[in-house]
Every structure is written in C-alpha cells, then in structure tokens.
Amino acid sequence: MNHKSSSCLSLALLALLTLTTSSRLFAEHIVVVVKPVAPFVINEDGKLSGYSIDLWNEVAKTAGWNDFEFKLVDNVPAMIDALKSGQADVAVGALSITAERSKQIDFSHPFYDSGLDIMVKGGGAPGPLDLLGRLLTPALVLTFGGIMIALVLVSHILWWFERKHNHEDFPHHYGQGMIESIWWTTCVLIGGMCMNKDPKGITGRVIGTAWALVGIAMISYLTATATSIMTVDSLGNDINGPKDLVGKPVATLQGTSADKYLQSQHMKVVKFAKLEDAVEALHQDKVKAVVYDSPVLMYYLATNDSKEFHLVGHLFDKQKYGFGLQLSSKLRQQMNSALLSVEETEFLAKLDKLYFTPTEE
C-alpha cells in the first residue's frame with residue numbers, strides 16, 4: 001500500500017471514529033433531574049408539565065435528544081448533588097444561577113429573569129360587607145342593642161313631657177307623636193342635633209342634652225373601632241420590604257437561593273421542604289412572612305385565589321434561571337445552541353402567555 005492510500009485510509013478511519021463518537025454523544029441516554037415547583041415544573045400524578053418542562057422538551061427536540069428520562073427530587077440541593085455525583089446529566093426547574101452554585105455545577109444560558117418577593121398575611125382593606133362583618137362582634141352587637149332600647153325609651157320619655165309644651169313637634173296622638181320623637185332622637189344620635197325641631201320644656205331639653213352626649217360618645221366609639229379594623233387589615237403587619245424582616249421569623253424553602261439570601265442577611269429563617277408548608281405556617285402565624293421566588297409566589301396566589309395573603313414591597317435579589325449541567329458537561333455547547341435557537345422564535349412568548357397570563361372565566 002503506497003503512502004497516498006495509507007493517508008486516505010487514515011483520514012477515513014478518523015472521520016468514522018469522529019462520527020461514531022459524535023453519534024454516541026448525542027444519542028446517549030440523558031437523565032434529567034427535576035424538582036416540582038409550579039409553574040415551572042408541575043407534577044400531576046406523574047405527568048410533568050410547566051414552563052421549564054415545556055422549554056426543555058423544545059430544546060431537546062431542537063438538539064436531537066430523543067432518549068431522555070425525568071427523575072423527581074424533593075429539593076434543590078438534591079438536584080445539585082445528582083449532577084455532582086454523575087447520577088443526572090441535566091437539572092430542570094426554577095434553578096437560580098448563582099456564583100456559589102457555579103463552583104459545583106455548570107449552567108446553560110439563562111432563560112428567565114426572576115427575583116425574590118415577600119408574601120405576608122392580610123389581603124388589604126376590607127370591603128363594606130367584610131367590614132360590617134368584622135364590626136359585628138358580640139360586644140358591639142350588645143352595645144347596638146342597648147342603644148336601640150335606650151333610643152325607644154328616651155323617645156317615649158321625651159314625647160311624654162314635650163307633648164304638653166310642644167304639641168306641634170310632638171303631637172298628642174301616640175302614634176304620630178312617637179314617630180316624631182323617634183325621628184328626633186335618631187337625628188341627635190347620628191348628627192348631634194335635629195334642625196327642624198327642638199324640645200321646648202326644661203325636662204325635654206335636659207333629656208335632649210343627655211341624649212346628644214350619648215350620641216357623640218357612640219359615634220366616636222364606632223369611628224375608632226372601624227378605623228382600627230381598617231388600619232390593621234390594610235397593613236396586615238409591619239412588613240413592607242426586606243429590611244422589615246429583621247428579627248422576625250421568615251419562612252422559605254430549604255437549600256434555595258432565597259434560603260441563602262436570608263441567611264446572608266442574618267434573618268431568623270424557618271425552612272420547609274414545600275411551599276405549601278411554608279404558607280401554612282404563615283396562615284397559623286408561626287412565621288411573619290414567606291420569602292421565595294417572585295414568579296412562584298405570584299402563581300401560587302393566582303391559582304389558589306386566596307385573599308388571605310398578598311405580596312409587599314418590590315422585587316429584590318434579582319436572579320436568572322437556567323438549566324443545570326455537570327461541570328465541563330459535553331452537553332453544554334449544544335444545549336446553549338438549541339436554547340438560543342428556541343429563544344429566536346416565539347416559543348418563550350407562548351410560554352409566558354400560557355403560564356403567567358391570568359385566564360378570564
């Protein structure tokens with residue numbers, strides 16, 4: 001075999017080896033570890049969906065990765081450990097790209113801008129019916145009952161004395177007289193005076209003065225009570241931003257970027273495995289707030305239609321989400337290429353509309 005033939009054969013073998021290696025790389029079985037966190041990963045009886053799942057499926061399709069499987073884990077540290085130990089090739093979820101994590105795993109290009117938000121108990125100022133319901137406490141109901149009894153009694157006494165001196169405003173006839181007398185006592189109770197009539201007898205004026213003082217006291221009590229209820233419900237508590245969390249028990253999910261942030265700020269952190277557990281602790285007043293990724297909290301409030309909780313303050317500790325990979329992963333370059341190709345289409349806009357736009361019923 002001459003030198004030229006030998007060179008051609010070597011080139012052919014090299015090309016075959018490269019093609020074989022490349023095919024084996026791109027056709028290998030890929031293990032994708034996922035952590036359920038709606039709306040990015042939604043697990044419904046083993047069927048996975050969500051923003052990140054749909055995006056991964058599109059990226060895998062674009063990259064030509066057809067042989068992959070999902071494996072569920074309970075928390076973010078488990079995702080990272082699976083990548084570090086080689087038990088998984090890709091991590092999919094609401095995984096924040098941080099400097100600390102980048103020392104342990106690789107990341108794809110970011111595909112979603114996020115940040116932390118604060119959820120507190122209390123849904124804002126109450127409506128008229130809700131306020132009325134809160135005002136009708138047993139003590140206040142008894143007070144109202146006593147006032148009504150006093151109003152009727154004072155009306156009778158006033159009529160009895162005034163009918164002798166002022167029969168035009170307080171007629172002798174019982175029915176007509178009581179209507180006018182009750183009208184007068186009601187006006188004085190509410191407004192402190194009655195423009196179109198006044199007692200003329202000394203006894204009637206004494207009764208009227210005493211009744212006016214009772215009316216002022218009653219209106220002041222009702223105003224103070226209503227103001228107190230509206231103020232408490234409007235504020236919910238005294239947390240309006242990250243600085244207000246200092247010294248208060250704050251719930252978050254263990255091992256998340258929110259957990260790291262709160263610890264770095266020396267907060268009193270109460271850690272949970274699931275968001276539902278953290279929210280339940282807030283409901284039971286075991287914590288003063290829940291701090292977690294803003295889109296996740298907004299999705300929770302939207303899907304649970306809860307008026308008990310609301311978000312306060314502004315987005316802070318801004319983050320970006322990406323897919324996790326093993327350090328120096330051979331999948332990274334092709335994943336980023338596929339991800340950029342997907343981003344150049346309308347696919348991400350469709351995902352935003354699907355998972356973050358409220359539906360009209």
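Where is the place of D45? D45 sits in the loop between β2 and β3 (47-49). This is a predicted model, in which local features need pLDDT of at least 70, side-chain atom pairs count only at pLDDT 80 or more, and totals for chains, interfaces and linings use all residues. Residues are numbered from 1 along each chain as its sequence is written, and side-chain values use heavy atoms, with hydrogens and water left out. Helices (H or I, at least four residues) and strands (E, at least two) are DSSP runs, numbered from the N terminus.

**Backbone details**

- D45 has a phi near 55°. That is a positive value in a residue other than glycine.
- A38 and P39 are joined by a cis peptide bond, with omega at about 5°.
- P39 belongs to the loop between β1 (30-34) and β2.

**Helix α2 against α13**

- Helix α2 (residues 51-63) and helix α13 (residues 347-356) have axes that come within 10 Å and cross at roughly 155°. Axes are lines fitted to C-alpha atoms, for helices over the stretch in contact, and angles run from 0 to 180 degrees between N-to-C directions.
- That angle makes α2 roughly antiparallel to α13. Angles under 35 degrees count as roughly parallel, over 145 as roughly antiparallel, 65 to 115 as roughly perpendicular and the rest as oblique.
- The α2 and α13 crossing is right-handed. A crossing is right-handed if the near helix is turned clockwise from the far one by less than a right angle, and left-handed if anticlockwise.
- On the α2 side, the contact (heavy atoms within 4.5 Å) is made by Y51, D54, L55 and E58. On the α13 side, F347, L348, L351, D352, L354, Y355 and F356 take part.
- The residues of this α2 and α13 contact split into 8 nonpolar, no polar and 3 charged. Ala, Val, Leu, Ile, Met, Phe, Trp, Tyr, Cys and Pro count as nonpolar, Asp, Glu, Lys and Arg as charged, and the others, Gly among them, as polar.

**Helix α2 against α12**

- α2 also packs with helix α12 (residues 332-343), at an angle of about 110° and with axes 9 Å apart. That makes α2 roughly perpendicular to α12.
- The crossing of α2 and α12 is right-handed.
- α2 brings L55, W56, E58, V59, T62 and A63 to this contact. α12 brings Q334, M335, A338, L339, S341 and V342.
- By type, the α2 and α12 contact has 8 nonpolar, 3 polar and 1 charged.

**Helix α10 against α11**

- Helix α10 (residues 275-283) and helix α11 (residues 294-304) pack at about 70°, their axes 12 Å apart. The two helices, α10 and α11, are therefore roughly perpendicular to each other.
- The crossing of α10 and α11 is right-handed.
- L275, E276 and V279 of α10 meet V296, L297 and Y300 of α11. This contact of α10 with α11 has 5 nonpolar, no polar and 1 charged.

**Largest pocket**

- Rolling a probe the size of a water molecule over the atoms shows where empty space is left.
- On a 1 Å grid over the protein atoms alone, a cavity is a set of points where a 1.4 Å probe fits but cannot get out, and a pocket is an open set with protein on both sides within 12 Å along at least five of seven lines. Lining residues have an atom within 4 Å of a point.
- The largest pocket holds about 510 Å³ of space. Grid points are joined across faces, edges and corners, and a volume is the space filled by probe spheres set on the points.
- The largest pocket has 20 lining residues, and P36, V37, A38, K274 and E276 lie nearest its centre.
- β2 (42-44), α10 and α11 each give at least two residues to this lining. α11 supplies the largest share, 5 residues.
- The pocket lining divides into 13 nonpolar, 3 polar and 4 charged.

**Largest cavity**

- The structure has 1 cavity of 30 Å³ or more. The largest cavity contains about 80 Å³ of space.
- Its lining has 13 residues, of which V76, A94, L95, T256 and Y292 lie nearest the centre. The elements that give two or more residues to this lining are α3 (76-84) and β10 (289-293).
- The cavity lining divides into 6 nonpolar, 4 polar and 3 charged.
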